[in-house]
Amino acid sequence: MDIFSQLGEIIKELFYSSGLATLQWENYVMIAISFVLMFLAIKKQYEPLLLLPIAFGMMLVNIFPSIMGNPVTQFMTEEQLLAANLDPNAYIKTTMADGSVVYNVTQNGGLFYYLYQGVHLGIFPPLIFLGIGAMTDFGPLIANPKSFILGAAAQIGIFITFIGAILLGFQTNEAGSIAIIGGADGPTAIFVTSKLSPELLGPIAVAAYSYMALVPIIQPPIMRLLTTKKERSIVMGQLRPVSKLEKIIFPIVVVVLVAILLPDAAPLVGMLMLGNLFKESGVVDRIAKTAQNELMNIVTIFLGVTVGATASGTLFLTPKTLGIIALGLIAFCLGTACGVLFGKIMCWATKGKVNPLIGSAGVSAVPMAARISQKVGQEENPANFLLMHAMGPNVAGVIGSAVAAGVLISVLK
């Protein structure tokens, strides 16, 4: 009978320590959402490098919440340690002001807590920008500087949403963090939020990266709604060749101008242009390849799983958080719409030489947004090749979102 009693106690302890006893309905909802995101990443291949680690981190934290747990420091007396079968010699002894002697007992945080410090401290976003710069060809933007207009136009959604969030009752720093989601740039959203509203970092990071991954679903309906079949069928002329000297000078000039005029944008723009200079200089091939591959891949894994791990159901499924996600979607849609509308204006001004679809690439989701411009254009005209033309506004959008981030930080911090 004693054996059965002990076995029953063991089973009871296992049950109460398992998720079956500790998880709430919110956790199960988030686990289901993580399965949907994994399906989109694996089956539909929607930005799998981002969506898959985010979804897996989301699933893991809702099954095992302690994986994101904060470290806990507490003080215990010698008697308390002995009662807990702990050796006092293993802990640091401290004499308090009243003369009592206590021991510092520290419980370590969860695995993702320490990885998350790269997000919380704003370390990962500039490193991601370094890798993006090393992989990006600024040639289409240099060849067609008018692309800067479309990249800037797509950031209008950020500032419209900023005003809307304030009108809905959010604080100005919260509104700035929410609005930056409209740039469709996860690292920028994380960087801004870590400076303005660290408490909102979880939902904003998840929203920003989710919308980046869902660009193929979100953008095409907006693009078709705002353009005609004739406009979508426009074939653009070939871009002029860009010299190596131009490509080397460009990142240096951009970072000098931005850093002088808007110092708060310097960490993001500076690392973006440093990565690009590695690529275009041709003299540091090993470093350029490391930034493009090993470093970028490692940081993407850490950032993805820890961003997903912020989406604990009990913290995530609240009216405020859901409002943030909704406003982020509105900001992204407005950014896409503004880019397309300015593309229509350029189409009119150039007498039909600019396909308005490339304006949607003015958001910062590189290179996915440019690929969507190409895809939608080819649906109307199979002989249409818009990818290189769309890459101009796309990389301009990366710079534009970083500049918008610098404006928000400098004004609101």
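Which residues make the nonpolar surface patch of about 780 Å²? In this predicted model, the patch is formed by L245, I249, I252, V253, V256, L257, I260 and L261.

**Surface patch**
- L245, one of the patch residues, sits in helix α16, which covers residues 244-261.
- L245 has a relative accessible area of 57%. The cut-off for exposed is over 50%, so L245 counts as exposed.

**Packing of α6 and α18**
- Helix α6 spans residues 111-120, and its axis lies 9 Å from that of α18.
- The two helices, α6 and α18, pack at an angle of about 110 degrees.
- That angle makes α6 roughly perpendicular to α18.
- On the α6 side, F112, L115, Y116 and V119 make the contact.
- On the α18 side, the contact comes from F302, L303, V305 and T306.

**T300 in α18**
- T300 belongs to helix α18, residues 285-308.
- Beyond residues up to four places away in sequence, T300 touches L49, L50 and I128.

**I222 in α14**
- Helix α14, residues 215-226, holds I222.
- I222 and C333 are 111 residues apart along the chain, yet their C-alpha atoms are separated by 7.5 Å.
- With neighbours within four places in sequence set aside, I222 contacts C333, T336 and A337.

Methods: Residues numbered from 1 in each chain as written. Predicted model: local features only at pLDDT ≥ 70, side-chain atom pairs only at ≥ 80, totals over all residues. Heavy atoms only, no water. Helix = DSSP H or I, 4+ residues; strand = E, 2+ residues; numbered from the N terminus. Contact = heavy atoms within 4.5 Å. Patch = residues over 30% accessible without salt bridge, like charges linked within 9 Å, V, L, I, M, F, W, Y side chains within 5 Å. Areas by Shrake-Rupley, 256 points an atom, 1.4 Å probe, with all protein chains shown as cover. Salt bridge = Lys/Arg side-chain N within 4 Å of Asp/Glu carboxyl O. Buried < 20%, exposed > 50% of the residue type's maximum accessible area, 1.4 Å probe, protein only. Axes fitted to C-alpha atoms, helices over the stretch in contact; angles between N-to-C directions. Parallel < 35°, antiparallel > 145°, perpendicular 65-115°, else oblique.
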